[in-house]
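Please examine the sequence and the structure shown below before reading further.

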Amino acid sequence: MTEDEIKLLSDYVRDYCGLLIHDSQELLFQKRVKKRVDANKLVSAKEYYHFLRFDSKWAEEMRELVNILTVNETYFFRESPHMEMFSNLLFRILKTRNTDKKILRIWSAACSNGAEPYSLAILIVESGMFPLNDWKIEIVGTDINTEMVRAARKGVFTASAFRITPAQLRDKYFKEIEKGCWEVDDKIKRMVSFSQMNLHSASQMRLVRDMDVILCRNVLIYFDDTGKKEVVERFYDSLAPEGYLVIGQSESLFRITNVYNIVPMGNAILYQREHESQTASASR
Ligand SMILES: C[S@@+](CC[C@H](N)C(=O)[O-])C[C@H]1O[C@@H](n2cnc3c(N)ncnc32)[C@H](O)[C@@H]1O
């Protein structure tokens, strides 16, 4: 691929879904693009770019390309300070706040194969604070990668997903369906729904509203600062008043946006939407 072709295609990918292709990733990027050029029986990366821009089947092809470009690393109960913060502090706050309506709404944005939202569902059940016959628990998992969304709906995981999960907890909520493969319990599965969503699409994100908590962990690192700002400020509108955004432990919104209140909770840092009576939009 020529430098021009790499730039055309990497800019196009960034504009579509926010993913930045760094110089050090160019070789891998070229290899993956070549796979798609060959799969479509095209002769060059330039021709592939034109296909993505102008062919009526561009959206399907973009899906295929994004599926091979994303990094989907995840596992159950990742980043234990977050998990402890939910179990020891945040669930109690949300229970008190929502006690009249008895609905709890959590969005795991960029959920990969579903380990993150299923972890939350398990923690909710383990907490004993939200009896399922009394509370409506809505956990939504979304990801841009259609293969990941399919895997998440299936709910079957191999040993690496349980690398930090105590065996006793795994055996309580999963059934070993074949050697080294565990399927999540139906009760947990029913608490989570999955769909494909591109966080770079304002029109798709506008469909999600009134969330008590949004988790967007270990994905903003792949975006540039402009992309990060757009996404996290759209999350603000998707949160209920006083709702919380949780980003990865190694991530920060410092110099990205100041629309949120920063709230330390246990060993975690949360980003909170203002109370209904206040507005942050003036400071955006
Ligand atoms: C490293 S995984 C993180 C999974 C999980 N949140 C965690 O922390 O374990 C990053 C995920 O972000 C998804 N992703 C990347 N760009 C996205 C976008 N524009 N919209 C939605 N999901 C995206 C990828 O497909 C991938 O599954």
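In this predicted model, Arg 32, Lys 35 and Arg 36 of helix H2 meet Glu 64, Leu 65, Ile 68 and Leu 69 of helix H4. Sorted by class, the residues of this contact are 3 nonpolar and 4 charged, with no polar residue. Two packed helices are described by the angle between their axes and by the distance between those axes. For H2, which spans residues 26-39, and H4, the angle is about 150 degrees and the axes lie 10 Å apart. Angles over 145 degrees count as roughly antiparallel, and therefore H2 is roughly antiparallel to H4. The crossing of H2 and H4 is right-handed.

A second pair of helices may be described in the same terms. Helix H5 comprises residues 80-97 and helix H6 residues 115-127; they pack at an angle of about 45 degrees, with their axes 10 Å apart. This angle makes H5 oblique to H6. The crossing of H5 and H6 is right-handed. On the H5 side, the contact is made by Met 83, Phe 86, Ser 87 and Phe 91, while H6 contributes Ser 119, Leu 120, Leu 123 and Ser 127. This contact of H5 with H6 contains 5 nonpolar and 3 polar residues, and no charged ones.

The domain assignment divides the protein chain into domain 1, residues 3-69, and domain 2, residues 80-283. Their C-alpha centres are 30 Å apart. How many residues does each domain bring to the contact? Domain 1 provides 8 residues and domain 2 provides 11. On the side of domain 1 that touches domain 2, helix H1 (3-17) and helix H4 (58-69) each supply at least two residues. H4 gives the most to this side, namely 3 residues. By class, the side of domain 1 that touches domain 2 holds 5 nonpolar, 2 polar and 1 charged residues.

Note on methods. Residues are numbered from 1 along each chain as its sequence is written. This is a predicted model: local features need pLDDT of at least 70, side-chain atom pairs count only at pLDDT 80 or more; totals for chains, interfaces and linings use all residues. Axes are lines fitted to C-alpha atoms, for helices over the stretch in contact, and angles run from 0 to 180 degrees between N-to-C directions. Helices (H or I, at least four residues) and strands (E, at least two) are DSSP runs, numbered from the N terminus. Angles under 35 degrees count as roughly parallel, over 145 as roughly antiparallel, 65 to 115 as roughly perpendicular and the rest as oblique. A crossing is left-handed if the near helix is turned anticlockwise from the far one by less than a right angle, and right-handed if clockwise. Two residues are in contact if their C-beta atoms, placed from the backbone, lie within 7 Å. Ala, Val, Leu, Ile, Met, Phe, Trp, Tyr, Cys and Pro count as nonpolar, Asp, Glu, Lys and Arg as charged, and the others, Gly among them, as polar. Domain bounds come from an automatic or database domain assignment.
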